[in-house]
Amino acid sequence: MLKGFLTVSGWTMISRVLGLVRDQLLAAFLGAGAAQDAYQIACRLPNMFRRLFGEGALNAAFVPLFSALLEREGKATAQRFACETMSVLLSWLLLLTVLGEVFMPGVLRLIAPGFTHGGLRDSLAISLSRITFPYLFLICGAALVSGVLNGMHRFGVAAAAYVSFNVVGIAAITLLPRLTGDVAHAAAWGVSASGVIQFAILLYAARRAGMPLRLVAPCLTPRIRTLLARMGVGLVGSGITQINFMVDTIIATLLPAGSVSLMYFADRVNQLPLGVLGAAAGTTLLPVLTRSLAAGDTDGAHATQNRAISYALVLTLPAAAGLLVIATPVMMALFGHGHFSARDAVLAAQSLRAYAVGLPAFVLVKVLSPGFFARGDTRTPVLVGIGTLLLNFVLNISFMHWLAHIGPPLASSLAAMVNAGVLAFMLHRRGALVSSPLLGRQLAGMVGCAALMAGGLFMLEYTPLGGAMEAGALMRVVDVGVMIVAGMGLYLVGLHVMGVADMRQVAAAMTRRLRRSRAA
């Protein structure tokens, strides 16, 4: 599981770094105004479906069924099930895509009610959404093929394919404006083009892995009915974070122009640790946990769940603490250029701190949900998810007038805390989450070391290193980079001194792995 975790998180980190480059280009060319708001709204629906299916309901429902068939009935049965699933899924998605293209103005009324009818943001958002909406069809198909590869424990190719989204996006923003007339339309075409490339790469990888997938006549077989039932129920439970984010977006469109953009750039920084650690932990934990339970190894399943929590939080806790302290220098270093002003960076940093408060909870939801899915229970996360969704909505309404662009991120963070807490309580009450004394000591040590690191960064803010706001673009990056390295060093030393992790053993393991890679 650790090998798969590191593989997925490594490729995801590469994708997130390239994503930051893409976002820097968007910030420089579009700033935080009407055009940026319209483009971000155009990407909301397809991206929400990508996260729901790629990291949520499809993965949660399909991977355990596929893995169990592969383990018990062999490759041929599992392959037939995957082909049947792909045919049913793509048929439904094709219909949904066509309907979305036809009724796009009405769809925009639902997800962006604050856009003035017939105004610049509204007209541009409709045009851009019609370009990006086919990505929904392509990326959900790609997510299914990724589930096949993950079920075969081939995590690397599935994770690497998503890098192409940002590679194509960067190319589109820099090369296509001469053809499309503006950056917003060029970026929109890049979204759909990346979906074609990702789907093609994954289909080829599945063929190379000995699991070629082909379309068959769509048919609701008993296995497909079981899958759809689990997906339908799990859609809300596993994707509650994304649904909460969509609620945040709807509320943001009712706020002053630019609020959608400010929250987007803050969330992009927040998604570095959340995407790298949360998605990697959830993706690699589910098939391992499912196989342990299928083999009757309950103790092994408990140990696996505890290790996943430890792996995820060992880096999530310092990431949250660091973002709370140096949010403004980070936003200035990453986006404070071109049309993205210093004032935009300060406001976006306020949203980032609100997201960072709930970062550990967001990741824990990703880690705890597979504990239900691996046991075939998608109902409980749904019920918990509906409750936290309602809580998020109430908090959003309460915060929107006096916290503005800070309100939606803070509401999501508080709702995520409740979500993670209730999921942990339910798993523990059922005997599915049995924390060991070692895990308790590790978590206490991580919290203490993260607090120590935050204190060190806070003091650095009052040295010349904290002058990123007034420095030039290059010095901002250098200053923030030095602060991050110093914070990481302080945190790692703290882990070593407190006995949470032996850095000598970690260094030795990394050296052995590097030598094996070179030998291969």
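Student: Where is the place of L99?

Tutor: L99 has its place in helix 4 (residues 75-102); helices (H or I, at least four residues) and strands (E, at least two) are DSSP runs numbered from the N terminus. This is a predicted model, in which local features need pLDDT of at least 70 and side-chain atom pairs count only at pLDDT 80 or more, while totals for chains, interfaces and linings use all residues. Residues are numbered from 1 along each chain as its sequence is written, and side-chain values use heavy atoms, with hydrogens and water left out.

Student: Is L99 buried or partly exposed?

Tutor: Buried means under 20% relative accessible area, exposed over 50%, and partly exposed in between (1.4 Å probe, protein chains only). With a relative accessible area of 42%, L99 is partly exposed.

Student: Which residues make a nonpolar surface patch with L99?

Tutor: A patch is made of residues with over 30% relative accessible area and no salt bridge; like charges are joined within 9 Å, and nonpolar side chains (Val, Leu, Ile, Met, Phe, Trp, Tyr) within 5 Å. Here L94, L95, V98, L99, V102 and F103 make a patch of about 580 Å². Accessible areas come from the Shrake-Rupley method with a 1.4 Å probe, and for residues only the protein chains shown count as cover. The accessible surface of the chain comes to about 21,000 Å², and 69% of that belongs to carbon and sulfur atoms.

Student: Which aromatic pairs involve F265?

Tutor: Rings of Phe, Tyr and Trp (its six-membered ring) pair if their centres lie within 6.5 Å; planes under 30 degrees apart count as stacked, over 60 as edge-to-face and the rest as tilted. The structure holds eight aromatic pairs. One of them joins Y264 and F265 edge-to-face, at 5.2 Å centre to centre and 75° between the planes. F265 and F340 have ring centres 5.2 Å apart and planes at 75°, so this pair is edge-to-face. The pair links F265 in helix 14 (residues 259-294) with F340 in the loop between helix 15 and helix 16 (342-357), 75 residues apart. F265 is buried at a relative accessible area of 0%, and F340 is buried at 2%. Y264, F265, F335 and F340 form one aromatic cluster.

Student: How many salt bridges does the structure hold?

Tutor: Side chains of opposite charge can pair when their charged atoms come close. A salt bridge is a side-chain nitrogen of Lys or Arg within 4 Å of a carboxyl oxygen of Asp or Glu. The structure holds five. In one of them, the closest N and O atoms of R121 and D37 are 2.9 Å apart. R121 lies in helix 6 (residues 120-132) and D37 in helix 2 (residues 34-54), so the pair ties together parts 84 residues apart in sequence. Both R121 and D37 are buried.
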